[in-house]
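Subject: Structure handover

Hello,

The structure is placed below, and my notes on it follow. Please read them with the coordinates open.

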Amino acid sequence: DAVALSGRVSSAITLLVSSQRDDGGWTWTGRADGNPDTFLSSRIVWSLAETRRAGFAVPNDVFEKAIAFLNTVGSQASA
C-alpha cells in the first residue's frame with residue numbers, strides 16, 4: 001500500500017508541475033492559457049510544501065516560481 005500511495009503522490013506532483021503557468025500560478029482548468037487563481041495557487045503551494053516535508057521531491061524552480069507568484073499577487077493586493 002505504501003508503494004502505491006507513494007506512486008500516486010509522485011504522479012500528482014508531476015501533474016501539478018506540468019500544469020504550472022509561466023508566471024508561477026495555476027488555473028482551475030489546468031491549462032496555461034487561463035487566468036491564474038490565487039486561492040488555488042496558494043493551496044497548491046501548501047500541498048507541495050507538505051509533500052516536500054514528507055520527503056517527496058519537488059523541483060526547487062517550480063516551488064520558488066510559485067512563491068514569487070504569490071508574493072507578487074500579495075503585494076498588488078496591498079497596494
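The largest nonpolar core in this predicted model has 10 residues: Ile-13, Trp-26, Leu-40, Ile-44, Val-45, Leu-48, Val-58, Val-62, Phe-63 and Ala-66. A nonpolar core here is a set of buried Ala, Val, Leu, Ile, Met, Phe, Trp, Tyr and Cys residues joined through side-chain atoms within 4.5 Å. Buried means under 20% relative accessible area, exposed means over 50%, and partly exposed is in between, with a 1.4 Å probe and protein chains only. The largest share, four residues, comes from α2. As general background, nonpolar side chains in soluble globular proteins tend to be buried together.

Some conventions apply throughout. Residues are numbered from 1 along each chain as its sequence is written, and side-chain values use heavy atoms, with hydrogens and water left out. As this is a predicted model, local features need pLDDT of at least 70 and side-chain atom pairs count only at pLDDT 80 or more, while totals for chains, interfaces and linings use all residues.

The chain as a whole

The secondary structure comes to three helices and zero strands, and along the sequence the pattern reads α-α-α. Helices (H or I, at least four residues) and strands (E, at least two) are DSSP runs, numbered from the N terminus. Along the principal axes, the C-alpha atoms fill a box of roughly 50 × 25 × 20 Å. Of the 79 residues in the chain, 27% are buried. Taking contacts between residues at least 6 apart in sequence, 45% join residues at least 24 apart; contact means heavy atoms within 4.5 Å.

Helices α1 and α2

Two packed helices are described by the angle between their axes and the distance between the axes. For α1 (residues 2-18) and α2, the angle is about 140° and the axes are 11 Å apart. Axes are lines fitted to C-alpha atoms, for helices over the stretch in contact, and angles run from 0 to 180 degrees between N-to-C directions. The two helices are therefore oblique to each other. Angles under 35 degrees count as roughly parallel, over 145 as roughly antiparallel, 65 to 115 as roughly perpendicular and the rest as oblique. On the α1 side, Val-9, Ile-13 and Leu-16 meet Ile-44, Ser-47, Leu-48 and Thr-51 of α2. By class, this contact has five nonpolar, two polar and no charged residues. Ala, Val, Leu, Ile, Met, Phe, Trp, Tyr, Cys and Pro count as nonpolar, Asp, Glu, Lys and Arg as charged, and the others, Gly among them, as polar.

Residues in α2

The contact lists from here on leave out residues up to four places away in sequence.

- Ser-41 is found in α2, which spans residues 38-53. Ser-41 is buried, at a relative accessible area of 1%, and touches Gly-25, Trp-26, Phe-69 and Leu-70.
- Leu-48, a member of the core, touches Leu-16, Trp-26, Val-58, Val-62 and Phe-63.
- Ala-49 also belongs to α2. Its relative accessibility is 28%, so Ala-49 counts as partly exposed. From Ala-49 to Phe-63 the C-alpha distance is 8.2 Å, with the two residues 14 apart in sequence.
- Thr-51 lies in α2 and counts as buried at 18% relative accessibility. Thr-51 is in contact with Val-9, Ile-13, Phe-56 and Val-58.

Where does Val-58 lie? Val-58 is in the loop between α2 and α3, and is buried, with a relative accessible area of 8%. Its contacts are Ile-13, Leu-48, Thr-51 and Arg-52. Ile-13 is 45 residues away from Val-58 along the chain, and their C-alpha atoms are separated by 7.1 Å.

Val-17 lies in helix α1 and counts as partly exposed, at 27% relative accessibility. Val-17 is in contact with Pro-59 and Val-62.

Regards
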